[in-house]
Amino acid sequence: MFLADVVGTVVSPVQIPLLAGKTLLLLRPLAPDGRPAGKTRIGIDVIGAGVGDRVICIDEGNSARQILGEPKGAAKTVVVGVVDYVELEGELAYDAERRAPPAPRSSP
Amino acid sequence: MYLARVIGRVVATERYPGLDGVALQWVQPLDEDGRAMGDALVACAAVNSGPGDLVHFIDGREGALACPQTFVPVDAAIIGFVSQAVRLGERIGDAEEG
């Protein structure tokens, strides 16, 4: 599983039947301290997360199929939790109640 | 699953049994700014798409599950056509749309 900021949404009117009615979120994967880490992904939302939330995501097919109840579904990345806070080496690295909105990425 | 732009087609007449009739497309993954992210790759098209389209694709074993026959050697498949991708209120990836 990985930590990510929800930075946007993806609207897909034509897609495989498995994804019908599902919300797709644009995800910015993060290191534990909140720095961007890794490639931008798209995740299927199953918990009602929205833009600005910090979330935990699964990126594994079997787990995704189990969550979606589709034994043969082509799904992999699923948003499974909204993070309240992250503690890192004894210090609070992130607190949802005091969060700042995700900033545009500075690196090119 | 990743956002990507279809940048071309790939035609392969001789191919593994089970992949007949499956379209192959070049896709360039995009980051949240709509810029190219990493190398382009070839993906099977599980939904209709063509060069210039914004799509999302799935990689790994799940790519094959999106194909008509699921026990095929495929590790990336286009699973949706994207009409709009929004990052913090700004549309992304629209630059090449007609």
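User: How many bridges join β1(A) to β5(A)?
Analyst: This is a predicted model. In it, β1(A) and β5(A) run antiparallel. One facing pair is A:F2 and A:C57, the latter in β5(A). The bridges joining the two strands number four.

User: Which residue is the bridge partner of A:C57 in β6(A)?
Analyst: Strand β5(A) is also joined to β6(A), residues 77-82, by five bridges. These two strands run antiparallel. Within β6(A), the partner of A:C57 is A:V79.

User: How many residues of strand β5 of chain A are buried?
Analyst: Strand β5(A) spans residues 54-59 and is mostly covered. Of its six residues, the buried ones number five.

User: Which residue in β6(B) stands opposite A:G8?
Analyst: Strand β1 of chain A, residues 2-11, is joined to β6(B) by four bridges. The two run antiparallel. Opposite A:G8 stands B:R87.

User: On the side of chain B that touches chain A, how many residues are nonpolar?
Analyst: The contact takes 28 residues from chain A and 29 from chain B. Elements of chain B giving two or more residues include β1 (2-10), β4 (54-59) and β6 (84-87). On that side of chain B, seven residues are polar and six charged. The nonpolar ones number 16.

User: Is B:G89 buried or exposed?
Analyst: B:G89 lies in the loop between β6 and β7 of chain B. Its C-alpha atom is 16 Å from that of B:D31, 58 residues apart along the chain. B:G89 has 7 within 10 Å, so B:G89 is exposed.

Conventions
Residues are numbered from 1 along each chain as its sequence is written. Chains are lettered from A and ligands numbered from 1 in the order in which they are written. This is a predicted model: local features need pLDDT of at least 70, side-chain atom pairs count only at pLDDT 80 or more; totals for chains, interfaces and linings use all residues. Two residues are in contact if their C-beta atoms, placed from the backbone, lie within 7 Å. Ala, Val, Leu, Ile, Met, Phe, Trp, Tyr, Cys and Pro count as nonpolar, Asp, Glu, Lys and Arg as charged, and the others, Gly among them, as polar. Two strands pair if DSSP finds at least two bridges between them. A residue is buried if 20 or more other C-beta atoms lie within 10 Å of its own, exposed if 12 or fewer, and partly exposed in between; C-beta atoms are placed from the backbone.
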